[in-house]
Amino acid sequence: MSEENAAEVTAAEVARLAGVGRAAVSNWRRRHADFPKPVGGTETSPSFSLGEVEHWLRAQGKLAEVPLRERVWQQITAHPGGAVSALVKAGSALLVVHDRPADWPELAADPDERMAARLRPVLDRVLGARLGPGHALAEVPLRPAAMPLLRAAAELGAELGAREAFEFLLGRHLDANPRQYTLTPDGLAALMAALAGPSGASTGSTGAAGAAPFTVLDPACGTGTLLRAVSGATALHAQDSSPELAALAALRLALHGPAAVRAVAADSLRADAFAQDAVDAVLCHPPFNERNWGHEELAYDPRWEYGFPARTESELAWVQHALAHLREGGTAVLLMPPAVAARRSGRRIRADLLRRGALRAVVALPAGAAPPYGIPLHLWVLRRPAPQAAPPAGLLLVDTAALAADGGLRAAWPAVHDTVEGAWNAYDAAGAAPEVPGVSRVVPVIELLDDDVDLTPARHLPPPAAGGGPAELSAVRERLGETLGRAVRLTPPPAAPPARAAARLPLTTIGELARAGALELHTGTGGGSGTAPVLTEHDVYAGTGPSGTLAPTADAPLLTTPGDVLVPLVGGAAVARVVDEATAGAVPGRGVALLRPDPAALDPWFLAGFVRGTANNRRASSHASTATRLDVRRLRLPRLPLAEQERYGTRFRALAEFEDALRLAGRLGEQLVQGFHDGLSDGTVTPE
């Protein structure tokens, strides 16, 4: 049986092949006795034969042809050696297509066995030229059975471009295995690369012939995201303890640009592959909180120039590893957990880094900038000091938390990037930067060399003016008064009992309405192609704008339209939100159901109002050990003519406007109270 025929697909992948929702696949399985039977998986998550699914979809007129990218992806997932092995083979073929485009058509025209034999020396020459001797892909096996996959990958490369094809396949693999990898977001990688330089990073230099050499190292490279963000590099050095990641990073970087690439699979602290190399910049997102980093066997390592790190200070080992690889004047940028700036066990090393001028800046990022997303991580910017140079008198401290306080991180990230890069460029050029209360300040080193050597930026920055000062507080107070007046006007009239006993209305469920075509039911994923914002569960609960960031996939995203109804699926609170013009065009996040009513059959405010009923939610909810989950299909609403629905909808809409006014009044009240507390305590407001 060929690899392609052995491929298996899940219900979600069947839906993607046919361009429908997962609910449609469930309906096909129930309604069509000839739908392919499961060949693997579990009872709750079965898998099906790709060949049988294709045949059935074509017979039903639901599929003209499997899209090429889906066919290649299914061959990747079905590879006997695993998806990573298949990605490495596909990436190798794409690199040959990219670097030797004239050779590929002749190779691909041969039968599988002859193609495999002829491809080996060609691949060795291409990999050797791009990755150097002893590269991480030296032992990639090329058996005849893999040739259909390589041909399909090359065909996808011709359609999308070799680099784009590999990024698509790698992105699919990372999306399918989110818990296996700790990824650095692209926006953060771009910021770290900008801080590390060179000057070409901001001017778009590509490291063309004649450009000054610029070598960059990432000793914990993962999939190569940080090195890929660097512009102007002539050589990229990558090392990772995982052979799989080292191979993927090597291919990704070789396909990305003309820089020479060296990628090695080994533990950087224990088996440094670049011990003899001095580089211009180091970028690193090291593993956090490691205990088994080599504390015992590396006690006398010459890299510990600033002090031997304690067992609990693995991050300070990575800091000194980075400094040991820099040329004089070279820059290192590391992503760090915030505890490293304050732990007592690391205070002596922090003090020596300050005294000798190696540590130049500590930047506090907003929570959500990188995993673990609940923690506001730090960036440390370091420079290899020249032996005779006087150390700088101050350390640049930046805290960007306030920049993302009023909205989602996605919307605030450009301001975060510009603020950090602007402060660093000013400090780097002149040793000083304008002080911005609550955001940035150059702190004299002597102020930091106390018993704790605490480098947490927020503890050394002057607070911002209270709410913008008295004028701003007056504006908040005035707006609060207007909002409270609006809330009073919107207060519902007294609830009047019905004149007679209410007749029992016939009921239906969301599931029945979806089957009848009166509404569409979708479950949000928070992913897709493009740059649309994401409405998270929290946004729906809080009634705020979209704050999430789109998880990049090749699929077209599901976008909200006016009149859609959004319902959180986890949490237990009775909530439903009708999408208006302001929130249209967003992507519903994970854990959010989207109901799209047919306006000729259902009024959206009528739908949202009954969905919010407490008894309705209790009836449709199930309880796990730590959460309550809503089965939106079981929610009920009465069968009423559209005109009667609109009567209910008008009242439900008025209640939603009242609720929005109360929310805004609450936020303004909190802002006013905190502003007065801050103003009175820091002297910008007097008690009179």
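## Contacts and overall dimensions

Of the contacts (heavy atoms within 4.5 Å) in the protein between residues at least 6 apart in sequence, 72% join residues at least 24 apart. This is a predicted model, in which local features need pLDDT of at least 70 and side-chain atom pairs count only at pLDDT 80 or more, while totals for chains, interfaces and linings use all residues. Residues are numbered from 1 along each chain as its sequence is written, and side-chain values use heavy atoms, with hydrogens and water left out.

The C-alpha trace spans about 95 × 85 × 45 Å along its principal axes. Buried residues (under 20% relative accessible area, with a 1.4 Å probe and protein chains only) account for 47% of the 688 residues.

## Helix H11

The protein has 24 helices and 24 strands, taken as DSSP runs (H or I of at least four residues for helices, E of at least two for strands) and numbered from the N terminus. In helix H11, residues 186-196, the buried residues are Leu188, Ala189, Leu191, Met192, Ala193, Leu195 and Ala196; just after H11, Gly197 takes a positive phi of about 85°.

## Aromatic pairs

Rings of Phe, Tyr and Trp (its six-membered ring) pair if their centres lie within 6.5 Å, with planes under 30 degrees apart counted as stacked, over 60 as edge-to-face and the rest as tilted; the count by this rule comes to 11 aromatic pairs. The rings of Trp293 and Trp304 have centres 5.9 Å apart and planes at 90°, so this pair is edge-to-face. Both Trp293 and Trp304 are buried. One aromatic cluster is formed by Trp28, Phe35, Phe48 and Trp56.

Terms used
Buried < 20%, exposed > 50% of the residue type's maximum accessible area, 1.4 Å probe, protein only.
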